[in-house]
Amino acid sequence: MIQGISHITFVVSDLDKTATLLTKIFDAKEVYSSGDKTFSVAREKFFLANGLWIAIMEGPALPEKTYNHVALQVKEEDLEEICSRVRDLGLEVKDARSRVEGEGQSFYFYDYDNHLFELHTGTLEQRLQTYSRTQSHD
């Protein structure tokens, strides 16, 4: 059975540029760099962000932007500070989708290689409760 997420890997065109993104926005700590060696399919770096293992591997950027994304939970009181870090790096911010009140706030941005990230303040339980209340009022 699944026990949780082992790690998330992003293929990126510039390891150092993405390393800066991970450390500046997510306070990630670099714990490994393959340097010029290739143990997997390409040069890579590993990071820990609040216990989450994020791997970046050198390769071509995604050819286009989509809504496929990774949503990372953040505290509501930290959202604006993290959003400011994103803007400071000049990353492209995506307009948020319309929200039902009570499902949490979201902030979307693309990295340098067209990966979409969502910073989200809500939980699954909150969203399910919100949707249930909204459906019962229809």
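Q: What does it take for two strands to pair?
A: Two strands pair if DSSP finds at least two bridges between them. Keep that in mind as you look at this predicted model. Strand β2 (residues 29-33) and β3 are linked by four bridges and pair in the antiparallel sense. One place to look is K29, whose bridge partner in β3 is L48.

Q: Which strand does β3 join through six bridges?
A: That strand is β4 (residues 52-58), and the two run antiparallel. You can follow the pairing residue by residue: K45 stands opposite I56 in β4, and F46 has A55 as its bridge partner there.

Q: How many residues lie between the strands in the hairpin of β3 and β4?
A: There are two residues between them, and N50 in this hairpin takes a positive phi near 50°.

Q: How do I put these strands together into a sheet?
A: Write down the order of neighbours. Here the order is β1-β4-β3-β2, an open sheet of four strands with mixed pairing. From one strand to the next, the twist averages 25°. Helix α1 packs on this sheet, where it touches β1, β2, β3 and β4, and its direction makes about 0° with that of β3.

Q: Is β3 largely enclosed or largely open to the outside?
A: To judge this, count the residues that are buried, meaning under 20% relative accessible area. In strand β3 (residues 44-49), five of the six residues are buried, so the rest of the structure largely encloses this strand.

Q: What is the strand order in the other sheet?
A: The order is β5-β8-β7-β6, again an open sheet of four strands with mixed pairing. Its edge strands, β5 (69-73) and β6 (92-94), each pair on one side only. Neighbouring strands are turned by 30° against each other on average, with direction ignored. For a parallel pair, look at β5 and β8, which are joined by five bridges; A71 has E118 in β8 as its bridge partner. Helix α2 lies across β6, β7 and β8, and runs at about 15° to β7.

Q: Where do nonpolar side chains tend to be in soluble globular proteins?
A: They tend to be buried together. In this model, the largest nonpolar core has 25 residues, of which L22, I25, F26, F109 and L119 touch the most other members. At least two core residues come from each of β1 (8-12), α1 (15-26), β3, β4, α2 (76-88), β7 (106-110) and β8. Helix α1 gives the most, with six residues. To see one member up close, select L119: leaving aside residues up to four places away in sequence, its contacts include F26, L72, V74, L79, I82 and F109.

Q: Can you show me how to read a loop residue, and is G122 buried or exposed?
A: Start with its place: G122 is in the loop between β8 (116-120) and α3 (124-136). Its relative accessibility is 6%, so G122 counts as buried. Next, look for contacts from elsewhere in the chain. Not counting residues up to four places away in sequence, G122 touches Q73, E103 and G104. Finally, compare sequence with space: G122 and V74 are 48 residues apart along the chain, and 8.2 Å separates their C-alpha atoms.

Note on methods:
Residues are numbered from 1 along each chain as its sequence is written. This is a predicted model: local features need pLDDT of at least 70, side-chain atom pairs count only at pLDDT 80 or more; totals for chains, interfaces and linings use all residues. Side-chain values use heavy atoms; hydrogens and water are left out. Buried means under 20% relative accessible area, exposed over 50%, partly exposed in between (1.4 Å probe, protein chains only). Contact means heavy atoms within 4.5 Å. A nonpolar core is a set of buried Ala, Val, Leu, Ile, Met, Phe, Trp, Tyr and Cys residues joined through side-chain atoms within 4.5 Å. Axes are lines fitted to C-alpha atoms, for helices over the stretch in contact, and angles run from 0 to 180 degrees between N-to-C directions.
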